[in-house]
Amino acid sequence: MQGLEVRGLSKHFGGLVVSENIDFDLPAGARKALIGPNGAGKSTFANLITGILRPSAGTIRFDGQDIGSLKEAQRVQMGIAKTFQITTLFPQLTVRENLRLPILERQGLGRRLFMRADSNRSVEAEVSALVDQFALGSLADRPVLDLAYGQQRLVEMALSLALKPKVLILDEPAAGVPSSETHLIIDAIERLPDDLAVLVIEHDMDLVFRIARSIVVLVQGRILTEGTPQEIATNAKVRELYLGGSHG
Amino acid sequence: MNLLLNIAVDGIAYGMILFMIAVGLSVTMGLMRVVNLAHGGFALMGGAIAHWLIEKGGLPFVGAAALAVLGTVAIAMPLERVIYRKIYGFGELQQVLATIGLTFLIIATIDFWLGSSLLGIPLPETLQRSVDLGFRQLTAHRMTVIVVGCLVILGLWALLERTRFGILLRAAVDNRDTASALGINTGHIYMATFALGAGLAALGGILGAELLPIDAYYPLRYMVLFLIVVAIGGLGSILGSFIAALAIGLVETAARYVLPDMATIITYTLVILFLATRPQGIMGRAS
Amino acid sequence: MKLRSYSVAGVMLFAALAAFFLFPYNLAFLTRIFIMIILVLSLDLVLGYAGIATLGQAAMYGAGAYAAGLFAIHVWADPFAGLVVGAVAGAALAAVSGVVLMRTTGLTLIMLTIAVAQIGAEIANRMREITGGADGLRGIRPSKILGIWDFDFIGVTGYWYACAVAAFVFGLLSVIGRSPFGLSLRGVHESPERMEAIGVSVFQRRLIAYVMGGGIAGIAGALSAQITQLVSLETFSFTLSAEALIMLILGGTGRLYGAALGTVVFMTVHHLAAANDPFNWLFVIGGLVLTVVFALPSGLVALPTSLKRLSKGDRHARS
């Protein structure tokens with residue numbers, strides 16, 4: 001199968017179970033959201049997929065290949081990318097330079113000494129395409145630290161997309177973004193390539209319901225249910241979790 | 001056998017000196033997250049003041065040493081307030097530069113005051129005598145160093161575990177932000193800790209003058225030695241510094257007995273290899 | 001951009017020419033500035049670009065100086081061959097020590113870089129029969145440059161030779177600084193976590209930068225061995241590493257002309273203030289360093305920007 005296929009994935013920290021027996025599919029072109037209260041194990045799940053953490057049990061397959069033992073960098077090269085929950089950019093570099101870095105590396109030019117970094121046509125074309133896609137044109141030559149936080153989140157997404165991933169995990173893309181700028185994030189997600197498999201981990205239900213075609217609810221490390229936004233919105237257990245209990 | 005005993009006694013004495021000088025450095029670095037290259041300057045101050053009090057003032061050794069330690073503390077406290085407090089929030093490199101600058105100023109000041117030659121601290125008669133331990137003769141000085149070193153670690157342990165100050169200090173080392181959020185006056189803790197560390201360094205400098213001779217360039221010459229103790233022990237760990245200081249004291253002393261030409265090279269190479277495999281040190285937490 | 005880098009190069013070459021005619025009796029000192037510029041440039045690559053905090057750049061400088069000196073005495077006295085030997089020695093020491101050092105950061109890294117330089121000094125001191133120990137390595141007599149120019153007593157040849165080597169290193173680093181590799185070093189400096197997430201081995205990039213910086217520091221050492229015809233244990237000294245760092249910070253990191261500017265200013269102040277009493281010099285340098293840290297954290301090259309921002313009332317002057 002094309003895309004991610006997770007079976008029986010579990011993660012224990014000592015006696016603490018943070019992921020238990022998770023089955024999860026993310027085919028090419030998917031738009032899924034992962035929701036759940038704080039401490040449900042959402043970030044752990046993302047880190048298991050990107051290779052920052054090692055699973056205690058279970059398999060992770062990508063395009064049919066078992067990737068459970070690969071390192072983070074190897075999974076990046078295969079096409080699994082994740083944005084950071086807390087913006088992790090190169091603050092003194094301009095937007096263009098931020099985007100140029102991953103593209104140069106992906107094209108194997110990162111260790112060239114005797115060419116100008118901005119002289120490769122295909123790299124520059126990709127940089128410009130990303131700048132346009134995320135509507136960063138007027139800011140492209142400003143250092144990232146001069147940008148507003150919502151704009152930095154866009155650069156964060158563009159940077160991950162520059163790796164030409166097949167799977168993109170967006171870890172709380174709207175966290176810390178003022179609500180007046182949330183639409184920027186939603187627009188950007190809606191403009192992502194059609195064949196890209198996207199998994200959004202998010203608290204903001206508005207955002208989740210606008211972009212996800214399928215929602216997975218995680219509670220205490222287990223999948224509670226999975227369904228369309230319609231199904232999730234009317235699911236009694238989920239309503240109880242979100243409306244009755246403490247707000248996550 | 002005799003060789004091993006010699007190495008053990010000299011190595012432990014040397015290690016105790018290193019511990020006394022470096023422990024304050026470790027705690028301040030762990031607590032304030034400041035890279036402090038000027039710490040050896042406090043050992044130098046202690047030694048220089050003791051030298052001056054004995055040679056020029058004619059004071060007895062113990063009195064001179066006590067006054068020198070107090071004098072160093074009295075200098076360290078305003079320094080903490082004027083210079084260190086300002087650089088806590090700086091980047092690593094800025095801290096390195098500022099403390100190098102401070103080191104140069106300390107060296108220049110001591111030279112201006114007492115010159116650049118060796119500043120001897122003559123031991124009193126009683127400390128020069130030999131003590132017969134049955135298996136070997138030992139100078140009273142070595143004995144004193146070892147005993148004082150043990151007292152210092154016991155005292156620090158009691159201070160940390162048995163006093164309110166210790167509780168606050170440990171809280172601040174573990175989590176500075178939480179500590180200040182809880183209303184703990186971290187500023188006072190910093191200054192007290194800094195002053196205590198400087199005082200211990202002065203004590204170590206005075207007692208260790210036979211092993212690490214005092215002159216104006218002292219802080220530069222032994223900078224790496226003190227930093228090694230901190231890095232091997234793990235930032236902020238008193239027990240770690242103690243173990244590291246003893247280990248380094250023993251290794252270097254052993255190397256000096258067996259392969260005198262290679263002692264420094266062997267010690268440093270071992271240190272580098274150790275830190276390559278365990279960068280956070282003996283008691284440090286992996287970051 | 002291009003115009004600006006040409007004009008920077010033009011200004012520096014003009015300054016070299018002007019200094020030659022204005023201070024004909026200080027050629028030895030001026031030559032020493034060129035050598036230090038090369039050392040500080042190497043530090044700018046390692047620290048300014050790649051963000052590797054080191055206080056032991058003198059280790060590679062010393063290795064280059066001893067290697068070039070010994071090579072000239074025992075093998076071949078050709079100056080350019082000596083530079084190559086110095087570069088290789090500096091790069092080799094950086095590679096061997098870097099394999100361990102580049103795995104560490106922060107205090108441990110700073111301390112280990114100092115330790116490596118001290119080990120170098122200790123080895124040079126102990127191997128007296130080969131290195132001359134504390135007396136220094138003597139008897140280095142470099143042959144004519146390109147078989148044409150002999151090193152003269154006044155130091156005219158030495159001056160232009162050092163100037164040419166410094167210009168070459170400056171040009172080389174300018175090219176590297178703008179290359180993809182240079183950009184990746186800035187990336188490693190600013191956000192190593194992100195570089196790993198991009199799929200880059202930060203350790204490997206840092207090691208390459210450290211080795212390249214080591215090679216350049218080795219060239220500086222070799223040059224000093226050839227021009228002073230003497231190599232002393234001082235080449236490994238902590239003070240040299242620290243002074244190089246101060247010059248770099250004084251000028252401003254990450255911009256090569258900052259390294260050159262900082263070196264010229266620092267060396268000139270040193271020349272005027274120190275000369276006879278090294279301890280008075282320590283007062284000056286100590287005060288200078290504290291001034292830079294507290295008042296000029298981004299170095300002299302940022303001075304115009306800082307002043308401009310200050311006059312505009314911009315509070316973000318400190319980055």
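## Ground rules

Helices (H or I, at least four residues) and strands (E, at least two) are DSSP runs, numbered from the N terminus. What you have here is a predicted model, where local features need pLDDT of at least 70, side-chain atom pairs count only at pLDDT 80 or more, and totals for chains, interfaces and linings use all residues. Residue numbers start from 1 along each chain as its sequence is written, while chains are lettered from A and ligands numbered from 1 in the order in which they are written.

## Chain B and its UniProt segments

Over residues 12-31 of chain B, the chain is 100% helix and 0% strand, with the end C-alpha atoms 27 Å apart. Residues 189-212 of chain B come out at 79% helix and 0% strand, and their end C-alpha atoms are 30 Å apart.

Both stretches are among those that an unreviewed UniProt entry lists as "transmembrane region" in chain B. UniProt positions are given in the numbering used here, feature names are shortened, and annotations may be inferred rather than shown by experiment.

## The sheet in chain A

Chain A has an open sheet of six strands, in the order S6-S7-S8-S3-S9-S10, with mixed pairing. Strands count as paired if DSSP finds at least two bridges between them. Strand S6 (80-82) and strand S10 (222-227) of chain A sit at the edges with a single partner strand each, so one side of each has no neighbour in the sheet. Neighbouring strands of this sheet are turned by 20° against each other on average, direction ignored; the axes are lines fitted to C-alpha atoms, for helices over the stretch in contact, and angles run from 0 to 180 degrees between N-to-C directions.

S6(A) pairs with strand S7 (residues 167-171) of chain A in the parallel sense, over three bridges. A:Ile80 has A:Val167 in S7(A) as its bridge partner. Helix H1 (residues 42-50) of chain A packs on the sheet, and its direction makes about 150° with that of S7(A).

On confidence (pLDDT, the predictor's score for each residue, from 0 to 100), chain A averages 90, and 98% of the residues score at least 70.

Chain C has 14 helices and zero strands. Its C-alpha trace spans about 60 × 45 × 40 Å along the principal axes of chain C.

Contacts mean C-beta atoms, placed from the backbone, within 7 Å. No contact joins chain A and chain B, and their closest C-alpha atoms lie 15 Å apart.

Methods
Two residues are in contact if their C-beta atoms, placed from the backbone, lie within 7 Å.
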